[in-house]
Amino acid sequence: MFLFQVWKAVQALVGKTGKESLKRRCIECKPEKIPLAPAKRAKVLLEEYDLEEVRDVSAGAATFYVWVSNKYLYKSFMHKYQCPFIPSSHKFKRYLYMLSL
């Protein structure tokens, strides 16, 4: 019964539209705003699965799996190197170049 309730909650979240939509929240998510502890928790939860396993169940879940994994990688990199820039930005690339000198 518990899994059914969780699945219903997930379906409700995915089905929302407007400002509360999952898609909009994902687009607006900034790695630098994610606290490190929840990012680490997400990593622990994802480690229970691999991408192929998730993809076999749902292509949509696999997309979300990759998105969350990438957000964690960005967050952990920014934390480790005290990087003040968003990883996909031009400033970030310049910052990486300066670190390599």
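Buried means under 20% relative accessible area, exposed means over 50%, and partly exposed is what falls in between (1.4 Å probe, protein chains only). Keep that handy for the views below. This is a predicted model, where local features need pLDDT of at least 70, side-chain atom pairs count only at pLDDT 80 or more, and totals for chains, interfaces and linings use all residues. Residues are numbered from 1 along each chain as its sequence is written, and side-chain values use heavy atoms, with hydrogens and water left out.

View 1. Going along the sequence, you read the pattern α-α-α-α-α-α. Helices (H or I, at least four residues) and strands (E, at least two) are DSSP runs, numbered from the N terminus. Of the 101 residues in the chain, 18% are buried. The chain's accessible surface is about 8,000 Å², and carbon and sulfur atoms own 63% of that; such areas come from the Shrake-Rupley method with a 1.4 Å probe, and for residues only the protein chains shown count as cover.

**View 2. Lys 71 sits in helix α5, which covers residues 59-80.** Is Lys 71 buried or exposed? Lys 71 counts as buried because its relative accessibility is 15%. Its side chain reaches the backbone oxygen of Cys 29 at 3.2 Å. Setting aside neighbours within four places in sequence, Lys 71 is in contact (heavy atoms within 4.5 Å) with Cys 29, Pro 31 and Ile 34.

**View 3. A search of the whole structure turns up zero disulfides.** A disulfide is a pair of cysteine sulfur atoms within 2.5 Å. Cys 26 is in no disulfide, and its nearest cysteine sulfur, that of Cys 29, is 7.2 Å away. Cys 26 is buried, at 15% relative accessible area, while Cys 29 is partly exposed, at 21%.

**View 4. The largest pocket holds about 1,000 Å³ of space.** On a 1 Å grid over the protein atoms alone, a pocket is an open set of points where a 1.4 Å probe fits, with protein on both sides within 12 Å along at least five of seven lines; lining residues have an atom within 4 Å of a point. Grid points join across faces, edges and corners, and the volume is the space filled by probe spheres set on them. Among the 24 lining residues, the closest to the centre are Trp 7, Val 10, Val 54, Ala 61 and Phe 64. Which helix gives the most to the lining? That's α5, with seven residues.

Note on methods
A polar contact is a pair of N or O atoms within 3.5 Å; within protein, one must be able to donate a hydrogen and the other to accept it, and residues adjacent in sequence count only if both atoms are side-chain atoms.
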